[in-house]
Amino acid sequence: MVSATERKRGRAAGRVQSVARAADLLKQLGEFGRPASVRELAAACGLGRATAWRLLVTLEQAGLVERASPSGGFYVGPAAVTIAAGALQHFERIIRLARPCLTELTRQTGLTAAVSVVRGEQVVVLDQTDPPSVLCANWVGKEFPLHTSSPGKLVLTRLPPEELDELLSRPLQRLTKKTIATPNALRADLERVRRMKAAISNEEFEEGCVGVSAAAEDSAGGIAVIITVTGPSFRMPARRLPTLLAQVQDAARATGVSLGYAAKWAPEGPGRSAPAAARPSP
């Protein structure tokens with residue numbers, strides 16, 4: 001059996017630095033959402049300008065980026081758009097079948113509702129619905145450190161013990177003053193997630209933002225999709241979290257049924273979980 005350490009070494013040995021840097025440039029260009037200069041991209045990715053330039057020229061030759069003008073920076077090219085369209089087509093069924101559940105969840109809660117899938121060591125947000133007349137963040141396509149987000153915590157609870165140990169042996173990134181960044185505290189939080197069958201991120205990824213997530217299981221017992229509601233902390237106080245947990249769990253169960261998976265658990269009365277279990281982690 002291959003150990004987590006050996007797997008980590010294998011990943012490091014298999015990593016091609018130039019490819020990783022080019023991928024970082026592409027992702028950063030997508031984040032900008034506009035033409036960006038070599039200087040901007042190099043700074044955002046921690047690269048030298050000469051290195052960034054060489055990589056961008058190579059990406060341009062492959063059609064993955066294009067120049068806005070001879071001196072106007074770069075933007076995402078047609079080949080990258082084709083790749084993205086293929087990925088969206090792959091997820092189209094999930095997006096289509098989950099959308100009614102998201103819409104209803106947003107109507108019930110007045111919060112942003114999102115559907116995510118697990119891909120490798122990342123959680124990818126596929127779609128979201130937003131309440132009317134409320135300024136909301138766009139989470140689609142975003143990546144999150146697993147320990148900082150409510151979907152990520154659900155993923156961590158499914159890791160084999162040796163893989164979780166390996167992850168916790170590394171420094172945990174602290175994004176806000178409330179990020180759970182010590183192994184013992186995170187283990188305790190993950191135990192609460194297992195008990196509740198749902199997860200809470202209380203301003204751990206972004207200050208002022210709270211997230212509540214639950215998963216729908218596939219036929220093999222893995223995570224099929226994750227349903228999340230997010231909103232500002234003043235709209236998601238501790239007293240409201242038990243109700244939100246129940247609503248998100250119901251939406252996850254309904255989404256799983258829409259996708260063709262039988263529900264693996266049934267509601268156990270009002271609130272599902274005791275209010276004490278739903279209090280945000282300190």
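Let me start with glycine 211, which, if we leave aside its neighbours within four places in sequence, is in contact with Ser150, Ala199, Ile200, Ser201, Val229 and Thr230. Please keep in mind that this is a predicted model, and that everything I describe is computed from it. The place of this glycine is in strand E6, and with a relative accessible area of 5% glycine 211 is buried, because the cut-off for that word is under 20%.

Let us move one place along, to valine 212. Which residues does valine 212 touch, once its neighbours within four places in sequence are left aside? The contacts are Ser150, Ala199, Ile200, Ile227, Thr228, Val229, Met236, Leu241, Leu244, Leu245 and Val248.

In soluble globular proteins, nonpolar side chains tend to be buried together. In our model the largest nonpolar core has 28 residues, and Val212 is listed with Ile94, Val115, Ile227 and Val229 as having the most contacts inside it. Helix H5, which covers 78-109, helix H9, which covers 241-258, and the strands E3, E6 and E7 each supply at least two residues of this core, and the element that gives the most is H9, with six residues. Apart from this core lies another one, of 18 residues, and among them are Leu156, Leu172, Leu190 and Ile223.

What kinds of residue form the lining of the largest cavity? Eight are nonpolar, seven are polar and two are charged. Strand E3 (112-119), helix H6 (150-157), strand E6 (209-217) and strand E7 (223-232) each supply at least two residues of that lining, and E6, the strand we began with, gives the most, with three residues.

Finally, let us turn to the charged side chains, where the count comes to 14 salt bridges. One of them joins glutamate 40 and arginine 34, at 2.9 Å from N to O; glutamate 40 has 31% relative accessibility and counts as partly exposed, and so does arginine 34, at 37%. A second example is arginine 96 with glutamate 92, at 3.1 Å from N to O, where both residues lie in helix H5, four residues apart, which is about one turn of the helix. Arginine 96 is partly exposed at 47% relative accessibility, and glutamate 92 is partly exposed at 39%.

Arginine 187 forms a salt bridge with aspartate 165, and their closest N and O atoms are 2.7 Å apart. Because arginine 187 lies in helix H8 (residues 183-196) and aspartate 165 in helix H7 (residues 161-168), the pair ties together parts that are 22 residues apart in sequence. Arginine 187, at 35% relative accessibility, counts as partly exposed, and aspartate 165, at 39%, counts as partly exposed too. There is also a network, in which salt bridges that share partners join Lys153, Asp189, Arg192 and Glu204.

Key
Residues numbered from 1 in each chain as written. Predicted model: local features only at pLDDT ≥ 70, side-chain atom pairs only at ≥ 80, totals over all residues. Heavy atoms only, no water. Nonpolar A, V, L, I, M, F, W, Y, C, P; charged D, E, K, R; others polar. Core = buried A, V, L, I, M, F, W, Y, C linked by side-chain atoms within 4.5 Å. Buried < 20%, exposed > 50% of the residue type's maximum accessible area, 1.4 Å probe, protein only. Contact = heavy atoms within 4.5 Å. Salt bridge = Lys/Arg side-chain N within 4 Å of Asp/Glu carboxyl O.
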